[in-house]
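Reader: I would like to learn how to read helix faces and helix packing. Can we work through a case?

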Amino acid sequence: MKPTCDRGFDANDVAEALREEGNVDIPDFSQHLETCLMCQQNAHAIRSARDTWRSAALMDDARARNASERRLVRAWRTPRPAFGWRSALVGAAIASVIMLRFGPRWPEVHAPTTGPVASVTPSATVTAPPAVAPAPTASARAPAFLVVRDCAACSRAGMAANSTLDAPAEVPRGASLMLSWAVPGESEPASSLEVTGPARIAPRIPREAGENPGLQVDRGSAEVHTYGESEILSPHATMHTLPKISSAWHFEVTPTRTNIVVDSGWLSVSAVERKAPSIHLLAGQSAEVHAGGEIVLSPRSAPSSSESAHPSPPKTVTPPPAPSPSASTASAATVEEDTDVSLWQSVQTALHSGDRAVAETKARSLMLSGRSANYREKATFVVGELELSRGDVAAAQGRLTSLASTTRDPALAADATFLLARSYKDPLERARVWGRFLASGPSSPYREQAMLERGRALADAGDIDGARQIVVALKQVNPLPAIVARGLVALEARTAR
Amino acid sequence: MGRLVDLAITMLGDDAERGEAGLCEPPMAWPDLVSLVRAQMRSLVGPTPELEDLTQSALERIVRAIDRFEGRAAFSTYTYRVCARQAMNHWRWSSRWRRWFSLGEAPEESEAPGHTNPAAITLERERAASLHRALARLSAPKRAAIVLCDLEELPTARVAEILECPEPTVRSRLRHARLELTSLLTKDPCFRGEAP
């Protein structure tokens with residue numbers, strides 16, 4: 001018997017509709033999907049298979065990185081003394097005499113460390129430096145946030161780079177403020193929090209020594225990268241990470257809810273309103289925490305907490321003592337009203353009319369809360385373009401680097417790489433960007449164009465031999481795209497000189 | 001990856017030895033080629049225990065047959081084709097082999113960084129194992145088509161180029177593969193969760 005539903009859709013039709021190809025009428029099918037159990041099961045199976053495949057690949061990448069770090073650490077050999085033990089004894093005796101003679105003059109050397117900030121104590125013995133410099137741990141953090149990077153609007157609002165954020169602050173519309181946890185002497189390099197205006201933020205200074213400072217985001221959107229234990233709060237949710245774990249996520253706070261999307265690592269999310277059990281989100285998963293304390297998990301992915309071990313994971317986690325019954329229809333009603341398509345169209349309309357502020361706001365909204373990965377990635381690209389156009393190069397470079405390495409769309413990856421390469425003034429850096437693109441697999445249909453761009457950058461940087469090798473490689477490609485062939489003639493002429 | 005480069009150099013000799021043996025140079029640096037082939041092979045077989053061996057075999061084939069590369073397609077397409085042929089041969093062979101033999105339990109893999117929740121790690125592994133079991137029940141051409149199209153999300157035209165067959169053939173294989181795979185997955189408890 002052919003496994004089709006009452007409308008005649010089978011698994012192939014569902015898969016084609018999910019890929020937005022084939023002869024399936026997408027709007028009609030989307031309506032049908034809401035009611036047809038069989039199509040829902042097929043769609044769930046296909047999406048889950050794809051998510052599992054991606055997750056396995058990501059874990060493989062992470063393992064490879066981990067193995068590479070282990071190799072680096074192993075490559076470091078513990079220095080062994082080249083002199084004999086008698087010389088060591090004589091050296092130790094001399095050091096003891098010096099310490100006894102001059103020790104009392106340095107009382108601070110022996111003073112106990114107070115407070116959460118560990119002071120740097122001179123050591124009498126020379127220890128080998130570690131092979132890989134460890135990232136500052138959460139315990140080394142000072143109870144403050146530092147402004148790492150500001151913009152003109154932030155500076156006018158009193159938030160200049162290297163200043164400390166010690167009071168609630170308003171980030172103006174269109175501004176981008178990057179903060180980090182303060183560690184002795186500098187800001188923590190492995191962690192950052194980028195807030196996009198309009199937003200209202202407030203530091204939560206710890207009351208007890210050793211406790212980490214948290215940041216409350218009352219309104220606006222933010223992207224967080226942390227290494228170690230960190231806590232970010234919104235009026236609806238508490239987001240918490242564990243020590244020694246790298247995590248990245250972005251979230252948007254609206255008056256009614258907080259939308260959270262985890263990009264990498266692991267995040268524990270709990271509702272502020274009620275004492276509900278916290279949920280754990282892994283990379284690619286997302287959740288909405290509503291003002292009433294209700295946590296709605298994204299239908300794109302199942303939760304990674306203990307709830308997901310059930311064969312039928314509940315989509316809505318509602319705490320038991322609910323004053324008003326919340327039906328699933330209520331959560332459905334609060335789901336984003338604007339669909340990805342309409343949001344994307346509004347971004348395009350705003351761009352065509354030249355209203356960059358509106359376009360960026362809409363694109364950021366789509367980037368943070370879009371349900372389709374394709375639209376989220378397209379929106380990320382637009383945000384990167386707009387950031388570059390207003391001179392926020394560092395933010396755009398971070399965004400485009402991430403997009404170029406993670407997107408599955410070869411055209412978008414090539415576009416993002418092109419834009420990223422153009423954002424660097426140094427031709428050698430441009431060549432490196434194209435080199436990374438070429439080394440990343442699977443292969444792209446834009447490979448020849450990328451090779452040509454890398455060749456041009458190498459020629460600009462004076463590496464004529466490198467450019468010549470690319471010319472030789474490109475001349476062996478047959479057929480060569482016309483646009484590449486034209487560029488190749490010019491590059492060949494440059495390398496022939 | 002470093003181990004693969006070392007292995008490839010050990011097996012195929014250094015630049016001078018390859019030159020003496022009459023082997024042509026690939027049009028890209030060794031580490032880039034190894035990286036490309038491993039990524040392409042992983043996109044076909046996933047991060048399975050046999051990935052490193054298959055990558056090694058594919059690299060050997062590519063280097064030994066590089067002088068037969070005519071440049072009618074991009075070099076990356078050529079390497080992808082070699083990987084696809086290698087993976088499909090392996091699937092055919094392993095399906096016959098497993099009728100009579102078993103390798104026993106796979107060794108426990110080290111934890112990936114970023115995943116500390118044991119329940120989540122176990123669930124992810126279970127799901128990945130179930131998916132690979134389901135894929136192993138498909139024929140090699142169907143498996144290659146569905147992996148490249150639906151899991152790696154490559155365009156059908158590109159998949160046809162890699163598998164060296166017409167696009168309608170890919171669509172036909174894809175249709176049958178989707179029906180078989182979803183029928184297997186919807187019966188699997190790991191994938192039978194509440195539909196969105």
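Predicted model: local features only at pLDDT ≥ 70, side-chain atom pairs only at ≥ 80, totals over all residues.

Reader: Which residues of α8(A) are buried?

Author: The general idea comes first. An α-helix has 3.6 residues a turn, so residues three or four places apart point the same way. Here, L343(A), W344(A) and V347(A) are the buried residues of α8(A). Their arc around the axis is only 100°, so they sit on the same side of α8(A).

Reader: What covers the buried residues of α8(A)?

Author: The cover includes α9 and α10 of chain A.

Reader: What span should the 13 residues of α8(A) have?

Author: At 1.5 Å a residue, α8(A), residues 340–352, should span 18 Å. The end C-alpha atoms of α8(A) are 18 Å apart, which agrees. Just after α8(A), G354(A) takes a positive phi of about 85°.

Reader: How do α9(A) and α10(A) pack?

Author: Two packed helices are described by the angle between their axes and the distance between the axes. For α9(A), residues 356–369, and α10(A), residues 373–389, the angle is about 145° and the axes are 8 Å apart. The crossing is left-handed. Among the contact residues are A359(A), A363(A) and L366(A) of α9(A), and A379(A), V383(A) and L386(A) of α10(A). By class, this contact has 9 nonpolar, 1 polar and 4 charged residues.

Reader: How many helices and strands does chain B have?

Author: Chain B has 9 helices and 0 strands. Of its 196 residues, 36% are buried.

How values were computed: Residues numbered from 1 in each chain as written. Chains lettered and ligands numbered in written order. Axes fitted to C-alpha atoms, helices over the stretch in contact; angles between N-to-C directions. Helix = DSSP H or I, 4+ residues; strand = E, 2+ residues; numbered from the N terminus. Left-handed = near helix turned anticlockwise from the far one by under 90°. Contact = placed C-beta atoms within 7 Å. Nonpolar A, V, L, I, M, F, W, Y, C, P; charged D, E, K, R; others polar. Buried ≥ 20, exposed ≤ 12 C-beta atoms within 10 Å, placed from the backbone. Expected span 1.5 Å × (residues − 1). Arc of directions from axis to C-beta.
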